[in-house]
Amino acid sequence: MDPMTENASKSFTAEINLEKLQKIAAEVILPGRFILRPLNAALELITSILAWILGSSLVQKHFHLMLSGLVLFGPVVSFWVSKYSIFANGNHYLYRKFLRSTWGWTCILTGSFIILLSFSARRSISLTLRHLSRIGLAGLLWWGCRRLLTLLEDAAGACYEPLAPVQDTQSSASAQPLLLLHEDQTKASCLKANMMWRGYEVSQETLILCLSCLLLVEELSVFGRHLAQEKRFHRSPSAPLRVLFLLCVVLLFIWMVLLLCLLAYFPAWPSQQLGGALGYLGWRSLYQGWYRLTPSEGSPGLPGEGLFTSTDSDKHSQ
């Protein structure tokens, strides 16, 4: 066969195969589009409703009051819950995977949402980093509170080792176990050695759950303003941003459920109430205090500051 004819037949066969691949891809993509369209419509509807709820003045002005009421009166629910419930088990999946890494989940999801929202609104790296620094400052506050509370607990408590009591044949009543004091022991080392720790403490779980809930509500409340700005410019927010917003709302719901479970199944008065109060004070000092200062005073600013037009800012302030 002539080499020219052979090359022409090979190129013709390659064109046929390429056309077949294009037809197969079109047949596969077409049903996928019909599936993705209702899912995208449902995502837009759900996120728009949630953005309106979280951006309403009722939630912004009274959410901290609702959270305070939950912390104060949540232990009352312990009279009606069953001790055989799956949530009464301290090794439950939710406690192991979420409660022990509360700040990690909050930092990752909220930080990703802030980055995507800030960059899609203004395309400014410096402005995005300034808004992201709010999460870093909140993390620094949580680290400082945890270290301080650990030092106070070690100073105010004591470690005891239970000892078997000496049996008295003349006494029929069961004797109380003796406690041997171990000095120079921290709470962590005492509990690790399977000994007993007695002292005053503040619930760090309640503290970080309250702080995370208040932080999420503050950061997610500006998504409605972003939707309004994109609508005025005849643009639609990206699906990843909406998905991140929805995941943050789901995380907020999980933290609320975990907080209620802690208060109902593991009540510890007044340790949990003190932890909730410290979480509230931390949110108050940041979002109601420091973040309201000007950038020249070292403040990263409130959520949404500098991201939206003056019209949106005026509406929000009203």
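This is a predicted model: local features need pLDDT of at least 70, side-chain atom pairs count only at pLDDT 80 or more; totals for chains, interfaces and linings use all residues.

User: Why is Thr-128 called buried?

Analyst: Its relative accessibility is 7%. Buried means under 20% relative accessible area, with exposed over 50% and partly exposed in between (1.4 Å probe, protein chains only). Thr-128 therefore counts as buried.

User: What places Thr-128 in a helix, and which residues does Thr-128 touch?

Analyst: Thr-128 lies in α5, residues 125-156. Helices are DSSP runs (H or I, at least four residues), strands likewise (E, at least two), numbered from the N terminus. Leaving out residues up to four places away in sequence, Thr-128 touches Ile-115, Ser-118 and Phe-119. Contact means heavy atoms within 4.5 Å.

User: What makes a space a cavity and not a pocket?

Analyst: The test runs on a 1 Å grid over the protein atoms alone. In a cavity, a 1.4 Å probe fits but cannot get out; a pocket is an open set with protein on both sides within 12 Å along at least five of seven lines. Lining residues have an atom within 4 Å of a point. Two cavities of 30 Å³ or more are counted.

User: What lines the largest cavity?

Analyst: The largest cavity has a volume of about 50 Å³. Volume here is the space filled by probe spheres set on the grid points, which are joined across faces, edges and corners. Its lining includes Phe-113, His-131, Arg-134 and Glu-219. α4 (102-122) gives the most, with four residues.

User: How are the residues lining the second largest cavity classed?

Analyst: Five are nonpolar, two polar and none charged. Ala, Val, Leu, Ile, Met, Phe, Trp, Tyr, Cys and Pro count as nonpolar, Asp, Glu, Lys and Arg as charged, and the others, Gly among them, as polar. Leu-141, Cys-145, Leu-207, Leu-211, Leu-278, Gly-279 and Gly-282 form this lining. α10 gives the most, with three residues.

User: Which residues are closest to the centre of the second largest pocket?

Analyst: That pocket has a volume of about 370 Å³. Of its 19 lining residues, Lys-187, Glu-201, Val-202, Gln-204 and Glu-205 are closest to the centre. The lining has seven nonpolar, seven polar and five charged residues.

Definitions and conventions
Residues are numbered from 1 along each chain as its sequence is written. Side-chain values use heavy atoms; hydrogens and water are left out.
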